[in-house]
Amino acid sequence: MLFKIIGAFIAVVAFCIMIELPKKYMVQAGLTGMIGWGVYLLVDIIGHRVEIDALISALCIATMSHILARVLKAPVSNFLIPGILPIVPGGSIYRCAYAFINESSYLSTYMNETLKIAGSIALAIFFVDSVFKLHLPKRKN
Amino acid sequence: MAKKNISKSLERVVAETAMLAGETMLIAGAEISRVEDTMNRILNYSKCESHTAFVLATGITLTLDSDEGLITMSKRVPDRTTNINRIYLINNVSRALSVGKIDIYEAYAEIRKIREIRQFGGVLYGLSFVGVALFFTMMLGGDFMDCMAAGVAGLAMAITQWILMPFGFNSFFLNMISTLSMAVTAVSFQRFVLPNINIDLVIIGGIMPIVPGVVFTTAMRDTLNGDYTAGVSRMLETGVTAFAVAVGVALAYVIL
């Protein structure tokens, strides 16, 4: 478990090099991804449902990105994009391709899984973005 | 500082600066609302009453209602990359401009400079493919040998991209071929060198540099901001990239 989380941190930092993240934000982005992956693994222990794992972990990542962006005065996507990376459904895409080639009956299962994870991430981003856009209503006197 | 061009009016320079900033940000993969915000902030500098920046995922239009008549510019933006540093820097320039720290000529020169900025050299960029593949496999629970195999597979992907990039392949083909070479490397590793590696983990780690996480996130945020055209076109980009990855992996299994 510890190795997995450390792996997530370094993987996200390496990914930051690929997308040219400003150097000073790399550690924070790596931490976002690492904590997100930690949450994913923890939720996975409780119940084995990938879409719930992805949803809760994406909620944490998005919330953390918004808070970091406000504290460090940087765009939200600086932390959100690398942070989301560990839970992007790369594995499901691969399994889809594999099942397709082997004419396995699991194809639709994996297709479903990919769409569910993608949907969960989208839902989490939608939700957190909306919450952080809320403001107190301005009343006219 | 840029030399002042007497023949151009201030409004004209403002419009050109806004267009340059918008184009650079869009190529760097910014969300539409951020591009429009930045452009409007720059256009505000002209003190004209009415101005609009209208950004689509593939092009930009801006209109500035100046004293000398309307200035309208449009530009097609076909290139697509990801460079968060440039988005961040241009955002800062536009904020400095709007609080009066720099004038429009300095801003123009700054943005010209930012267009060329790369934080990391080509070798480090290539190594980042290896890093992502290797540590992703570690993250998913691969053991030492899996990680090493994934690193080699990532290297194969980086080399393929480096070789093919100058030929001007489109992104679908580029992604497909580099996934293919990555998967072929991984599978032949398992067949001929290390039969005990967990091939699933190695390939999942290996495709991670290409899997469209960045565009997906941006697409979602665009959709939420009401930029549906950009949201849909980026969603489609996500689907096409995922399809390219799937085809690449599948081809590798067909070949071997």
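The secondary structure of chain A comprises six helices and zero strands, where helices (H or I, at least four residues) and strands (E, at least two) are DSSP runs numbered from the N terminus. In sequence order, the pattern of chain A is α-α-α-α-α-α. The model is a predicted one, in which local features need pLDDT of at least 70 and side-chain atom pairs count only at pLDDT 80 or more, while totals for chains, interfaces and linings use all residues. Residues are numbered from 1 along each chain as its sequence is written, and chains are lettered from A and ligands numbered from 1 in the order in which they are written.

The C-alpha trace of chain A spans about 65 × 40 × 30 Å along its principal axes. Of its 141 residues, 51% count as buried, a residue being buried if 20 or more other C-beta atoms, placed from the backbone, lie within 10 Å of its own. Among contacts in chain A between residues at least 6 apart in sequence, 64% join residues at least 24 apart; two residues are in contact if their C-beta atoms, placed from the backbone, lie within 7 Å.

In chain B, helix H8 (residues 199-207) is largely enclosed by the rest of the structure, because seven of its nine residues are buried. These are B:Leu201, B:Val202, B:Ile203, B:Ile204, B:Gly205, B:Gly206 and B:Ile207. The buried residues of H8(B) pack against helix H5 (90-101) of chain A and, within chain B, against helices H5 (122-139), H6 (144-164), H7 (171-193) and H10 (228-255).

H5(B) and H6(B) pack with their axes 7 Å apart and at an angle of about 150 degrees; axes are lines fitted to C-alpha atoms, for helices over the stretch in contact, and angles run from 0 to 180 degrees between N-to-C directions. H5(B) is therefore roughly antiparallel to H6(B), a term that applies to angles over 145 degrees. Residues making the contact include B:Phe129, B:Val130 and B:Leu134 of H5(B) and B:Ala150, B:Leu155 and B:Trp162 of H6(B). The contact residues divide into 13 nonpolar, four polar and one charged, with Ala, Val, Leu, Ile, Met, Phe, Trp, Tyr, Cys and Pro counted as nonpolar, Asp, Glu, Lys and Arg as charged, and the others, Gly among them, as polar.

An unreviewed UniProt entry places the feature "transmembrane region" at residues 122-142, 148-165, 199-220 and 232-255 of chain B. In the model, residues 148-165 of chain B are 94% helix and 0% strand, with end C-alpha atoms 26 Å apart. Residues 232-255 of chain B are 100% helix and 0% strand, and their end C-alpha atoms lie 34 Å apart.

Note on methods
A residue is buried if 20 or more other C-beta atoms lie within 10 Å of its own, exposed if 12 or fewer, and partly exposed in between; C-beta atoms are placed from the backbone. Angles under 35 degrees count as roughly parallel, over 145 as roughly antiparallel, 65 to 115 as roughly perpendicular and the rest as oblique. UniProt positions are given in the numbering used here, feature names are shortened, and annotations may be inferred rather than shown by experiment.
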